[in-house]
Amino acid sequence: MMWSILKALRENPDILYESQKRRGLSTEIIDTAIKLDRMWRDKLKQVNQLRKKRNELARKVKGAKGEERNRIIEEAKKVSDEVKKADEELRRIERELEEVLLSIPNIIHETVPAGKDDTENVPVKYWGRAKVYFEDVDSFVEMTSGMAEYEATDVKPIGHADAVEIFGWADLERAAKVAGSRFYYLLNDLVWVDFALTMYALDYLKKSGFTIVTPPYMMRREAYSGVTAFSDFEEVIYKVADEDLYLIATSEHPIAAMHMNEVIPEDELPLIYAGVSPCFRKEAGAHGKDTKGIFRVHQFNKVEQFVFCHPEESWEWHEKLLENVERLWQGLGIPYRIVNICTGDLGIVAAKKYDLEAWMPAQGKYREMVSCSNCTDWQSYRLNVRFAEEKGKPSKGFVHTLNSTAIATTRTITAIIENFQLEDGRVEIPKVLRRYLEPIETAPKKYILPKSQL
């Protein structure tokens with residue numbers, strides 16, 4: 001059974017208590033929500049009774065005369081004042097309840113593993129034959145529990161962060177001069193590879209039935225508050241000074257808000273979108289992490305999958321989105337693992353999330369490239385996106401929303417550099433990308449070349 005937060009609150013609050021406990025969070029917010037909901041329903045009952053009494057008095061006035069009429073009118077005025085006061089109190093409780101409901105994290109799916117942080121995420125699948133530097137073999141076998149194929153090599157590739165600067169594929173020093181740290185100028189071959197990755201992902205998703213979308217690159221606070229916990233997320237995103245506009249951190253957010261305050265006919269579901277956009281993130285809290293190179297940056301391009309679907313179909317769609325991701329990465333030929341994100345690393349929006357982590361031979365570890373989340377009705381409740389049997393019919397509930405990275409280009413480029421690097425520093429371009437480069441005279445055809453060979 002699919003449980004929304006409000007439905008669970010009224011019919012089975014134990015689900016909410018259990019979800020909070022599994023997240024390692026206090027359950028006091030659930031107690032508060034239950035108390036406010038009872039207060040709201042009691043006050044609503046009182047308001048309805050007072051309105052009924054006022055209507056009865058209004059009918060009596062019509063047939064009354066003299067003193068009796070004056071008495072009834074006076075009583076009706078008193079009841080009207082009581083209705084007004086009770087209605088104001090109802091609205092106050094309703095606002096307070098809504099604020100509490102909006103702050104409750106999504107209900108965790110039963111298959112999410114328990115864990116305190118990202119070190120306890122659970123690998124569920126390995127794919128590909130990883131190139132492992134001989135000094136890293138023991139740690140690789142240990143971290144993969146012997147479940148992943150590998151080939152040992154005595155040549156350790158140059159790390160992506162060093163390679164982009166050594167071979168002149170990006171200029172981070174001048175970017176820092178112009179915009180600060182974690183920005184970059186992408187140059188020559190990597191620009192074409194960036195475009196090719198975008199085309200590769202869009203081409204695949206279009207053939208899979210997705211509607212291609214370039215969304216607005218800015219959003220108002222009201223819309224942003226519907227897609228994430230804004231108070232927690234605000235430090236991550238850039239605000240336009242003196243305007244109610246924020247630069248998007250991912251196309252997921254404006255696409256989620258695309259159908260805000262709409263009722264979607266059931267026969268139009270699912271709505272499946274492939275968003276393509278630049279993404280802007282402050283990377284607050286990432287101090288000291290990946291400060292070099294183009295892995296963790298303030299601005300990058302990404303193709304994103306997004307789905308609005310019937311609640312009964314969302315878990316099926318979660319697996320479909322992950323399947324799309326795997327096919328794209330298998331096409332690139334980059335070894336990876338899929339991890340089931342644990343309770344302590346899940347965040348409050350998703351009910352369940354998978355990450356795809358690519359093997360990075362120079363670093364001797366897997367690194368996150370993709371996140372794939374089922375947000376159930378957490379976003380649609382806030383954005384008021386409902387579904388109905390058909391247009392004009394009463395709403396049957398809130399749709400479910402899901403999102404998944406397809407390809408974030410600069411991170412994917414870092415995985416390409418480390419996995420397909422030759423001994424002379426050249427990097428072989430995955431075959432699936434070459435078709436997008438062939439028509440371009442100045443684009444690389446098979447290899448990304450070191451600067452000395454340009």
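User: Before looking at this predicted model, what does buried mean for a residue?
Analyst: Relative accessible area decides the matter, with exposed meaning over 50% and partly exposed lying in between. A residue counts as buried when its relative accessible area is under 20%.

User: Which residues of H14 are buried?
Analyst: Helix H14 covers residues 409-419, and eleven of its eleven residues are buried, so the helix is largely enclosed by the rest of the structure. The buried residues of H14 are Thr409, Thr410, Arg411, Thr412, Ile413, Thr414, Ala415, Ile416, Ile417, Glu418 and Asn419.

User: What percentage of the residues in the protein chain is buried?
Analyst: The protein chain that holds these residues has 15 helices and 19 strands. Of its 454 residues, the buried share is 51%.

User: What accessible area do Val178, Tyr185 and Leu187 have together?
Analyst: Val178, Tyr185 and Leu187 form a nonpolar patch on the surface of the model. Their accessible area together is about 260 Å².

User: How much of the accessible surface of the protein chain belongs to carbon and sulfur atoms?
Analyst: Along its principal axes, the C-alpha trace of the protein chain spans about 105 × 45 × 45 Å. The accessible surface of the chain comes to about 22,400 Å², and the part belonging to carbon and sulfur atoms is 48%.

Technical notes
Residues are numbered from 1 along each chain as its sequence is written. This is a predicted model: local features need pLDDT of at least 70, side-chain atom pairs count only at pLDDT 80 or more; totals for chains, interfaces and linings use all residues. Side-chain values use heavy atoms; hydrogens and water are left out. Patches are made of residues with over 30% relative accessible area and no salt bridge: like charges are joined within 9 Å, nonpolar side chains (Val, Leu, Ile, Met, Phe, Trp, Tyr) within 5 Å. Accessible areas come from the Shrake-Rupley method with a 1.4 Å probe; for residues, only the protein chains shown count as cover. A salt bridge is a side-chain nitrogen of Lys or Arg within 4 Å of a carboxyl oxygen of Asp or Glu. Buried means under 20% relative accessible area, exposed over 50%, partly exposed in between (1.4 Å probe, protein chains only). Helices (H or I, at least four residues) and strands (E, at least two) are DSSP runs, numbered from the N terminus.
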